[in-house]
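Dear colleague,

I am handing over the structure that I have been reading, which you will find just below.

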Amino acid sequence: MKYSAYASLFLLIIVSLLSFPPRASAHPHQDFLQCLSHHFPNSTTFAKLIYTPNDPSYISVLNSTIQNPRFSSPSTPKPLLIITPSNASHVQAIVYCSMKHGLQIRTRSGGHDYEGLPYVSEVLFVIIDLRNLILVAVDVHELAAWVEARATIGEVYCRIAEKSGNLGFPAGVCHTVGVGGHFSGGGYGVLMRKYGLAADNIIDAQIVNAE
C-alpha cells in the first residue's frame, strides 16, 4: 500500500499545570466538587462525568486502562475523584478548580504508561480521564484530520482508511495507544524514516489551561 504523509490536527488536552502549591482545606473533596458544580451548568451531566470512591464504578473506571498490575493494587494511592470531561470547557473547569484548591492533576488518554504517571501520585490528586474525547474527523480534500486526545492510533488509521485507500499517517503500531500521549511524546512509528514522527505532522492543536 502506498502511503502519503497525512497532516493531522488534534485536540491535545495538555494540562500544563500538573501540580499546584497546596492550599489548606479541611474538606478538599467537597470544596473541589462545589467549585466544579459552578462551572457545569447541567447538574445531570455533572453527575454522570464524575466518579468518587463511593461510586460502584469507581474502581472499574480507574483500572480500565492500567497496563501495569502493580498500580491497581489496594496499596496504590487512589485519586480523590475521576472526572471524564466531554468537551474542552469541562477540562478548563477541572484545571481551574484543581489550581484553586491545591490538587494535583493526572491526565489519562489511552493509559499506556507502565510508570503509572496518568493515575498515581503521592499527594492529593484527581484524574482527568479523556475517554469521552474520541472524535476523528478526516478531510480528504484538505489532507488533514481533527483528532481528539482519547482517540486511539487504531481508530485514526481506521477513519483514514474509510475515507481513502492511499492516505496514511506516520504513527505507532500499537492500535490501542491513545494519541494524546503518543503524539505529545513524539510518536515513533514505522513510517518515520520517510515522513518523520507523528508530532512532525501535527499542524495545529487546541491547548487548555485555567484561563
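Let me begin with two cysteines: Cys35 is buried, and Cys97 is buried as well, where buried means under 20% relative accessible area, exposed means over 50%, and partly exposed lies in between (1.4 Å probe, protein chains only). Please keep in mind that this is a predicted model, in which local features need pLDDT of at least 70 and side-chain atom pairs count only at pLDDT 80 or more, while totals for chains, interfaces and linings use all residues. Residues are numbered from 1 along each chain as its sequence is written, and side-chain values use heavy atoms, with hydrogens and water left out.

Cys35 and Cys97 form a disulfide, with their sulfur atoms 2.1 Å apart; the rule asks for a pair of cysteine sulfur atoms within 2.5 Å, and by this rule the count comes to one disulfide. The link of Cys35 and Cys97 is left-handed, with -80° about the S-S bond. Since Cys35 lies in helix H1 and Cys97 in helix H4, the pair ties together parts that are 62 residues apart in sequence. Helices (H or I, at least four residues) and strands (E, at least two) are DSSP runs, numbered from the N terminus.

Cys174 lies in the loop between helix H5 (153-163) and helix H6 (179-184), and, not counting residues up to four places away in sequence, Cys174 touches His112 and Ile153, contact being heavy atoms within 4.5 Å.

Next comes the sheet, which is open and has four strands in the order S2-S3-S5-S4, with mixed pairing; two strands pair if DSSP finds at least two bridges between them. Strand S2 (50-51) and strand S4 (104-108) stand at the edges with a single partner strand each, so one side of each is left without a neighbour in the sheet. S4 and S5 run parallel and are joined by five bridges, and the bridge partner of Arg108 in S5 is Asp129.

Two helices lie across this sheet. H1 lies across S2, S3 and S5, running at about 20° to S3, whereas H4 lies across S3, S4 and S5, running at about 170° to S5; the axes are lines fitted to C-alpha atoms, for helices over the stretch in contact, and the angles run from 0 to 180 degrees between N-to-C directions.

What of the nonpolar side chains? The largest nonpolar core has 26 residues, and those that touch the most other members are Phe32, Leu36, Ile50, Leu81, Ile83, Val126 and Ile128; such a core is a set of buried Ala, Val, Leu, Ile, Met, Phe, Trp, Tyr and Cys residues joined through side-chain atoms within 4.5 Å. The elements that give two or more residues to this core are helix H1 (28-39), helix H2 (43-49), strand S3 (81-83), helix H4 (88-100) and strand S5 (125-129), and H4 gives the most, with six residues. Apart from this core lies another, of 15 residues, among them Val147, Ile153, Leu167 and Ala171.

Finally, the buried residues of H5 are Ile153, Gly154, Val156 and Ile160.
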